[in-house]
Structure formats: structure tokens, C-alpha cells
Amino acid sequence: MISVKKVNNRPLNLLERIYVWEIARGLLVTMRHFFVNLVNPKGLPTIQYPEQPIPLPGNARLRTRHRLKMRADGAPKCVACFLCQTACPALCIHIEAAEHPENLVEKYPAVFNIDLARCVMCGMCVEACPEDAIAMDTGEIPGGAVVREELLMTKENLLRNLPGEPSLVGAANRLANEYLRGKE
Amino acid sequence: MTDFFYENRDVLLFAGAAAAKLLFFLGAVMGFTGLMTLAERKVSALMQDRIGPNRAAVCGLTLGGLFHPVADAIKMIFKEDFVPGRAEKLLFTLAPLFALVPVLALFAVIPFGDYVLVYGYRVDLLIADLPLGLFFVLALSGLAIYGTFLAGWASKNNFSLLGALRGAAQMISYEVVLGLTLVGLLMIYGTADLQQLVRAQGKLLFGCVPAWGVVCQPFAFVLFLTAAIAENKRGPFDLVEGESEIIGYFMEYSSMRFAAFMFAEFAEIVLVAMLAATLFFGGWQVPYLYDAGFAFPGGGSMPLNHYLVAVLQTGAFAAKTVFFCWFLLVVRWTLPRFRFDQLMKLCWKTVLPLALLNILVTGAVLLALGKL
């Protein structure tokens, strides 16, 4: 059922048809804004964004800048499985995998780059990660940059744990490694 | 050599004074016009609770956006100077000049002060003292139509031509009104010399109110402002080239040719503001300020230095100009745009009869007072 909104257009009265008085009223509105803002420019709602960060609501589930989670020894939780790189629609993740001499069950990322200039902040990499190694919960919104290289996040920039976060070492991995060493 | 200077003393003095006035006045006008491009964006921003441009910086110094006109100019200069393949090259090049030159020429007849005595030599503070300055204004503003129409015609683009047709129709219509609104002033002050007109506005009515045009002809002032804004193609009448909605006559123009049109438009704002100040708000007159200083109607007086009086009067003219420029910007950013048929209806069916009525009433009053 289409709802019909009845607009009651009354005919203009003489004062409105003369138009000059209405113009004066309109001008008064804009002039008031002009002078109020001229006298008190601090009252303007504009935020000078990159210099002046926006406070984010504390409990908001936002997709903010990425980070790679760390284990207790500072190594990345990432096992370089390339699932995030495959899932990424913007092709902004670049991973180069390497083998660890001691850890026999996993690879690790020798290079893990996220090009924020390409990233669309969709969060597909977080969804895809089987190790829960990549997260978008830093609370930082990537702003603009003058040089493109500033927007290229490397592994060193990305690796960090949030304060108070327990650094986990996968118990299953430890057991698997011990098992494999015993077989040698 | 000395003889040559001595024999041609008057001519040389005149030429020197004219050159100095040109440098001073036209320089001030051009600089102010450049600032108007920034002022338009800043004023509109403040009216809409925004900040406006403030990012252009030299050595990290922004000065509240003061470098934006410079940045605009640099951008315009480095843009591609494009001429459509089918355009008439000569007319296409001439059109921006036709838009710009009449506007700049009109500043010559605007009196920006009374006179100064420099070592006994009297310098009238206007560039060209024409006895028929008012008609010069009307004639040259009629010439500005050529810029609009040539631009649309020479582009060989149907949409440009349609924009030019709209523009020409609008400008010609409102020119009629513009002329008629000023007839009342001519009848009251009895002169078409702008300097004499301003001097006549320095007299007092009833011994206390300055005889400014707006006091004698308040109705004509409203009509004049309407017609002048329409003639200027701005404010609610900017349907000739509404930048983002309606295709206008300079669609095919880029680079500095386009900048010439824009500069002409902003110079016209300054011109309209100056004309409104000169014709209706006493030009350089400060109320109760005369050659010798202030003389208040109550009997009090305050003698002032001749140069101080000249500076005060020129300052008053500048202040009035700035006020009207600001007012035109506020009008432009407040009122919604007219439709073309509304525009024409307003001109021929409302403003023109009212202007004629104004002349009739003015004539009747003057006749009744026995001054005709």
C-alpha cells in the first residue's frame, strides 16, 4: 500500500508575493549564521581530520587499521597460509612465506605487507584467517599520506599485541613439534 | 629639455596624476577582485557552518586560506589551453577580452574620493572625469553582452549557444531596467557626472539627513540592486552559467580564458558594489564631513587636515564597497535560483513597470515641490 502524504499548500499571502520581505527574512537567517560563525569560529562542527583525530566510541565494533598478533616470544601467529591474500578483494596483501629451522609444522611470513592505499577495510582477511592472526581492532583509522610509501604497512609495523592481551602459543603446535622431533 | 618640460607642464602633470591614479585605483580593484574569489568561498562557508578553504600553505603558513587565490591562478595558468576544433579561433579568443575589458574600463569613471591638493596642484580622485559618466556606465555594461554571446557563438557548441542566448536575453532585458531605475536620480540631482552626483549627495535634507540616493529614491535602490545583480549574472539570477547544473556559455573554455570570464564576473561584483555605493550611498561622502572637517547639524564642528579628510573619504568609499560586495555574496548564497520564465516575468512584468512608476512618482513629487 503506497502511503499518500497530503501537503497542504496554502496560497501565498500578499506579503509573501511581494517577495522582498521574505528575502529579508532569508537574508537574516544566513547573516546570523555568518556573524555567529565569524565571531566564534571554534563553534563550527568541522574537524580538521588528519591532524585532529576523531574519538571513536569505546565499544564500537569497527574495522580499523590491521595488526598481526604475536606469540609470547614475539613471533607472528601467522603461518603464511595465504588465505587472507586470497580472500582480499583489493589485492592489497603481499605475503612471502619462509620455513622455520626449528618449528617443523609451520611456515612463517618472511614478508607480510598490507598496502593501505589499496585496502578497502572490508575485513575479509580477518574472516579468512584460520589462525586468528590478523585483526582489525587497533582503533586507528588510516588517514591520508603525502607519500605512497607511508601507507605501506610492513610486518614490523603490523606486529603488535594490544595491552593486556594474552600471548598464546598453540599447545597443539608444541605437541606436534615434540612428536616430530621424537621421530627424527 | 627643461623647456620641453616647462612648456608641457600641464599635460605632463595631468599624465602623471592619471598614471598614479590608475596604478592606485586599478591596482586596488584588481587585488580586491582576487580576494573576492576567496571571500566568496569563505563567506559561503561561514554561512553554511563550514570553515572554507584553509589548506594552501607557503612554508607551512596558511594565513586562514589567504594563498588560495594564488594557488587558483597558478592552477589556471598550467591548465591546457583548449580550443575546440570547429571553433572560430579569432572570436573564441576575443570573447574573454570582450567580457573583461568593458568591466575594467568602467572603473575609470567611478569617483573614489573628492580631490587632493598636492603642492597646490588639484588632483581629482577619479580616473576619467566624464560629464556623462552615468551614460558611459550604461553603454559599456551593454558592451559586456558581446563577451557572453561571442563566447557561446564562437564555441560552435549548441549548448554553449543556448547558454549564450539565455545570457543575452537576460542581460538585454535587465539593462533596460537598469537604465530606468537611474532616471529618478538624474531627475533629482540634475547631473549625469558621477563626481557631481556624489557631491550633490553631500547636502543635507531637512538640515540633518544626508541627501543620499537611498534616502531620496529608496524604491529605485531595490530595483537597481535587482537589475544590477541580474546584469551581473549572479545571485538568484545566475542561471546563465549555473556552474554545476546548467550548461553555460563558457562551457568550452579552459585555462586562463576561463579565468578571464571568472575574473570579469568577480570584477563586476566589485563594480556593482561601487556603483551602488556611488549612486545610492553617497560614494565617498561621510555624513557631516566637509572640506574643512566635521560640521554636525547640532552646531558642533571639528576642523580636520585636508589630507585626513581625503583619506577618510576614500576610506568611507572603500568601506561601502566592501559592505556591498559582502552583501552581494550573502544574497547569492541565500536565495534559490530563478527559472528562466520567472526571470523574464520578473523583469518585464514587475520590475520594469515599477521602475516606470518610480519615475512617474518622482516627477510628480518634484513638480509639486516646484523643482522641475
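Biologist: Into which domains is chain B divided?

Modeller: In this predicted model, chain B has domain 1, covering 23–78, and domain 2, covering 83–368. The centres of domain 1 of chain B and domain 2 of chain B, taken over C-alpha atoms, are 23 Å apart.

Biologist: How many residues does each domain give to the contact?

Modeller: Domain 1 of chain B contributes 14 residues and domain 2 of chain B contributes 16 residues.

Biologist: Which elements supply the domain 1 side?

Modeller: On the side of domain 1 of chain B that touches domain 2 of chain B, α2 (9–47) and α3 (68–78) of chain B each supply at least two residues. The largest share of that side is from α2(B), with 12 residues.

Biologist: And what is that side made of, by class?

Modeller: The side of domain 1 of chain B that touches domain 2 of chain B consists of 10 nonpolar, three polar and one charged residues.

Biologist: Turning to the two chains, how many residues does each give to their contact?

Modeller: Chain B gives 12 residues and chain A gives 13 residues. On the side of chain B that touches chain A, α2 and α11 (306–332) of chain B are the elements that give two or more residues.

Biologist: Which element gives the most there?

Modeller: α2(B) gives the most to the side of chain B that touches chain A, namely three residues. By class, that side of chain B has nine nonpolar, one polar and two charged residues.

Biologist: Now chain A. In what order do the strands of the open sheet lie?

Modeller: The order is β2-β3-β5 in chain A, three strands with antiparallel pairing. β2 (93–99) and β5 (152–153) of chain A are the edge strands, each pairing on one side only.

Biologist: How many bridges join β2(A) to β3?

Modeller: Seven bridges join β2(A) to strand β3 (residues 107–115) of chain A, and the two run antiparallel. Among the partners, A:Glu96 is bridged to A:Val111 in β3(A), and A:Glu99 to A:Lys107 in β3(A).

Biologist: What about β3(A) and β5(A)?

Modeller: Two bridges pair β3(A) with β5(A), again in the antiparallel sense. A:Ile114 lies opposite A:Met153 in β5(A).

Biologist: Next, the helices. At what angle do α4 and α10 of chain B cross?

Modeller: The axes of helix α4 (residues 89–106) of chain B and helix α10 (residues 255–280) of chain B cross at roughly 25° and come within 9 Å.

Biologist: Why is α4(B) described as roughly parallel to α10(B)?

Modeller: α4(B) is roughly parallel to α10(B) because their axes cross at roughly 25°, and angles under 35 degrees count as roughly parallel. The crossing is left-handed.

Biologist: Which residues make the contact?

Modeller: Those of α4(B) include B:Pro96, B:Leu100 and B:Val103, and those of α10(B) include B:Arg257, B:Phe261 and B:Glu268. By class, the contact of α4(B) with α10(B) has 12 nonpolar, no polar and two charged residues.

Conventions: Residues are numbered from 1 along each chain as its sequence is written. Chains are lettered from A and ligands numbered from 1 in the order in which they are written. This is a predicted model: local features need pLDDT of at least 70, side-chain atom pairs count only at pLDDT 80 or more; totals for chains, interfaces and linings use all residues. Domain bounds come from an automatic or database domain assignment. Two residues are in contact if their C-beta atoms, placed from the backbone, lie within 7 Å. Helices (H or I, at least four residues) and strands (E, at least two) are DSSP runs, numbered from the N terminus. Ala, Val, Leu, Ile, Met, Phe, Trp, Tyr, Cys and Pro count as nonpolar, Asp, Glu, Lys and Arg as charged, and the others, Gly among them, as polar. Two strands pair if DSSP finds at least two bridges between them. Axes are lines fitted to C-alpha atoms, for helices over the stretch in contact, and angles run from 0 to 180 degrees between N-to-C directions. Angles under 35 degrees count as roughly parallel, over 145 as roughly antiparallel, 65 to 115 as roughly perpendicular and the rest as oblique. A crossing is left-handed if the near helix is turned anticlockwise from the far one by less than a right angle, and right-handed if clockwise.
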